[in-house]
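Colleague: I would like to learn how to read a protein model. Could we go through one together, feature by feature?

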Amino acid sequence: MSGIYRFSKNYSMINSLNLTKIFRSQEVETTALSLVSLNITKGEFVAIMGPSGCGKSTLLNILGMLDTPTSGQLFINSQEVTGYSEKQRTILRKGLIGFVFQNFNLIDELTVYENIELPLLYQKISGADRRKKVNIALKQMNIAHRRNHFPQQLSGGQQQRVAIARAVVNNPKLILADEPTGNLDSSNGKEIMDLLTNLNENGTTIIMATHSSSDAQSASRIIHLFDGKIITESMPH
């Protein structure tokens, strides 16, 4: 195992070794992840499957550096980031990782255009470059005609398109998607999966947490989680 790990570290985008996450309160200790080791190569589409509460979202948050493990190591592009400060994690996330959430996480007071533009404002990109990037993302997600609408004026499927446009506006190398079709009907869900598949075919690495076996079929590899542990890995049928 360790030999494979050392060899693959130079070829993978993400490697984890024995990631463990324990949440503690005064009276309760909950192990959300236990000794999770995985390798994800550039250009892969990986689905992380399992029931609610199995640790899928916790794992995504750690891989995306939104949270830190209690123990274990995380390498991104062969660089160990486990001990990074919040500032270091934020700098590395910018331009590298895009996030897509089940609940869209759009800002109601901002238009579609403004929601998509937001990550670029944080990076102090010039106005001309922002306009160019946002317009490309709007067209890519087929929502240019909704650019001046607000989130509450959109369907669930349209809101998720905006969320994906926001995730890809700065051309990230990796997209982390947490139950991206969880709040959508089957028709809109299929459209979102088609968009993610297209992004992957164009070179974006995607890690998707899902409880949907149908959605998981879009991936090139399926990792099965249960009680915070990797139980099996499989290939789509």
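Modeller: We can begin with strands: two strands pair if DSSP finds at least two bridges between them. Keep in mind that this is a predicted model.

Colleague: What is the strand order in the open sheet of 6 strands?

Modeller: In general, strands of a sheet pair through backbone hydrogen bonds, either parallel or antiparallel. Here the order is S6-S7-S8-S3-S9-S10, and the pairing is mixed. Strand S6 (97–101) and strand S10 (229–234) are the edges, each pairing on one side only. On average, neighbouring strands of this sheet are turned by 20° against each other, direction ignored.

Colleague: Do strands S7 and S8 pair in the parallel or the antiparallel sense?

Modeller: Strand S7 (residues 174–178) and strand S8 (residues 205–210) pair in the parallel sense, over 5 bridges. One place to look is Leu176, whose bridge partner in S8 is Ile207. Helix H7 (residues 186–201) packs on this sheet and touches strand S3 (45–49), S7 and S8. The direction of H7 makes about 150° with that of S8.

Colleague: What is the strand order in the open sheet of 4 strands?

Modeller: That order is S2-S1-S4-S5, with antiparallel pairing. Its edge strands are strand S2 (29–41) and strand S5 (79–80), each of which pairs on one side only. Strand S4 (residues 71–76) is joined to S5 by 2 bridges, and Phe75 stands opposite Glu80 in S5.

Colleague: Which strands does helix H2 lie across?

Modeller: H2 lies across S1, S2 and S4, and runs at about 125° to S1. To judge how enclosed a helix is, count its buried residues. In helix H2 (residues 56–63), 6 of the 8 residues are buried, so this helix is largely enclosed by the rest of the structure. The buried ones are Lys56, Thr58, Leu59, Leu60, Ile62 and Leu63.

Colleague: Which residues of the largest nonpolar core touch the most other members?

Modeller: The largest nonpolar core has 37 residues, and those touching the most other members are Ile116, Met141, Ile143, Ile164, Leu196, Leu199 and Met208. Two or more residues of this core come from each of S3, helix H4 (112–122), helix H5 (127–140), helix H6 (156–168), S7, H7 and S8. H6 gives the largest share, 6 residues. Take Leu196 as an example: leaving aside neighbours within four places in sequence, Leu196 is in contact with Phe45, Ile164, Pro180, Ile206 and Met208. There is also a second, separate core of 29 residues, which includes Leu33, Ile40, Ile48 and Leu96.

Colleague: Is Arg161 buried or exposed?

Modeller: Buried means under 20% relative accessible area. Arg161 has 12% relative accessibility, so Arg161 counts as buried. Its place is in helix H6. Not counting residues up to four places away in sequence, Arg161 touches Met141, Asn142, Ile143, Glu191, Ile192 and Leu195.

Colleague: Asn142 is on that list. Where does Asn142 lie, and what is its phi?

Modeller: Most residues other than glycine have a negative phi, and most peptide bonds are trans. Asn142 is not a glycine, yet its phi is positive, about 60°. Asn142 lies in the loop between H5 and H6. With 52% relative accessibility, Asn142 counts as exposed.

Two other residues belong under this heading. Asn18, in strand S1 (residues 12–24), has a positive phi near 55°. At 36% relative accessibility, Asn18 counts as partly exposed.

Colleague: What is the volume of the largest pocket, and which residues are closest to its centre?

Modeller: Rolling a probe the size of a water molecule over the atoms shows where empty space is left. The volume of the largest pocket is about 490 Å³. The pocket is lined by 20 residues, and the closest to its centre are Ile97, Gly98, Phe99, Pro119 and Tyr122.

Colleague: Which element gives the most to that lining?

Modeller: S6 does, with 4 residues. Helix H3 (86–93), S6, H4 and H6 each supply at least two residues of the lining.

Terms used. Residues are numbered from 1 along each chain as its sequence is written. This is a predicted model: local features need pLDDT of at least 70, side-chain atom pairs count only at pLDDT 80 or more; totals for chains, interfaces and linings use all residues. Side-chain values use heavy atoms; hydrogens and water are left out. Axes are lines fitted to C-alpha atoms, for helices over the stretch in contact, and angles run from 0 to 180 degrees between N-to-C directions. Contact means heavy atoms within 4.5 Å. A nonpolar core is a set of buried Ala, Val, Leu, Ile, Met, Phe, Trp, Tyr and Cys residues joined through side-chain atoms within 4.5 Å. Buried means under 20% relative accessible area, exposed over 50%, partly exposed in between (1.4 Å probe, protein chains only). On a 1 Å grid over the protein atoms alone, a cavity is a set of points where a 1.4 Å probe fits but cannot get out, and a pocket is an open set with protein on both sides within 12 Å along at least five of seven lines; lining residues have an atom within 4 Å of a point. Grid points are joined across faces, edges and corners, and a volume is the space filled by probe spheres set on the points.
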